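Below, a reader meeting this protein for the first time is taken through it by questions and answers. Please keep the sequence and the model in view while reading.

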Amino acid sequence: MAFVRFDSFAIGDAVENEIGCQYPASYEGLRQQILRRDGWKCQSCGAMANLEVHHMEVRSHLGADSENNLITLCTACHSRAHRR
Ligand SMILES: [Zn+2]
Ligand SMILES: [Zn+2]
């Protein structure tokens, strides 16, 4: 690995929250990248407000943070995505 990923931070607790996908400040750059890629729209309902970035796969291993694994969702759709 060329650099230290933020996976090495103690983020286990945050990820276990009801609405997960919470990351340290170093995540902001990637987040902006995903939002831009998705046209600043919720990829589920098309909303353009209260956007968050969601991991589509469980963070079961290091390297799961590629942008292919991330999707822009509004707060409402994001909560739904985490509801079981
Ligand atoms: Zn939505
Ligand atoms: Zn999420």
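Q: How many bridges join β1 to β2?
A: In this predicted model, the two strands run antiparallel to each other. One of the pairs sets Val53 against Thr72 of β2, and another sets His54 against Ile71 of β2. The number of bridges that join β1 to β2 is five.

Q: What pattern does the protein follow along the sequence?
A: The secondary structure comes to three helices and two strands. Among these elements are α2, which covers 28–37, β1, which covers 51–55, β2, which covers 70–74, and α3, which holds residues 75–82. Read along the sequence, the pattern is α-α-β-β-α.

Q: What average pLDDT does the protein have, and over which residues does pLDDT stay under 50?
A: A pLDDT of at least 70 is reached by 62% of the residues, and the average for the protein is 75.

Q: How many of the five residues of β2 are buried?
A: Leu70, Thr72 and Cys74 point one way from the strand, whereas Ile71 and Leu73 point the other way, and all of them are buried. The strand β1 is also mostly covered, with four of its five residues buried, while in the protein of 84 residues 15% count as buried. For β2 the number of buried residues is five of five.

Q: Is Cys77 buried or exposed?
A: Cys77 is found in helix α3, and it is one of the residues of the largest nonpolar core. Not counting residues up to four places away in sequence, Cys77 touches Cys42, Ser44 and Cys45, and its C-alpha atom is separated by 9.8 Å from that of His54, 23 residues apart along the chain. Because Cys77 has 21 C-beta neighbours inside 10 Å, it counts as buried.

Q: Which residues is Cys42 in contact with, leaving aside its neighbours within four places in sequence?
A: Cys42 is another member of the largest nonpolar core, and Cys77 is one of the residues in contact with it. The list as a whole is Ala47, Leu51, Thr72, Leu73, Cys74 and Cys77.

Q: What is the C-alpha to C-alpha distance in space between Ala76 and Leu51?
A: Ala76 is found in helix α3, and Ala76 counts as partly exposed because 13 other C-beta atoms lie within 10 Å. Ala76 and Leu51 are 25 residues apart in sequence. In space, C-alpha to C-alpha, the distance between them is 9.2 Å.

Q: In which loop does Asn50 lie, and what is its phi?
A: Most residues other than glycine have a negative phi. Asn50, although not a glycine, has a positive one, and this residue counts as exposed because it has 12 C-beta neighbours inside 10 Å. The place of Asn50 is in the loop between α2 and β1, and its phi is about 55°.

Q: Is Trp40 partly exposed or buried?
A: Trp40 lies in the loop between α2 and β1, and it has a positive phi of about 55° although it is not a glycine. Because 13 other C-beta atoms lie within 10 Å, Trp40 is partly exposed.

Note on methods
Residues numbered from 1 in each chain as written. Chains lettered and ligands numbered in written order. Predicted model: local features only at pLDDT ≥ 70, side-chain atom pairs only at ≥ 80, totals over all residues. Core = buried A, V, L, I, M, F, W, Y, C linked by C-beta atoms within 7 Å. Buried ≥ 20, exposed ≤ 12 C-beta atoms within 10 Å, placed from the backbone. Contact = placed C-beta atoms within 7 Å. Pairing = 2+ DSSP bridges. pLDDT = per-residue confidence, 0-100.
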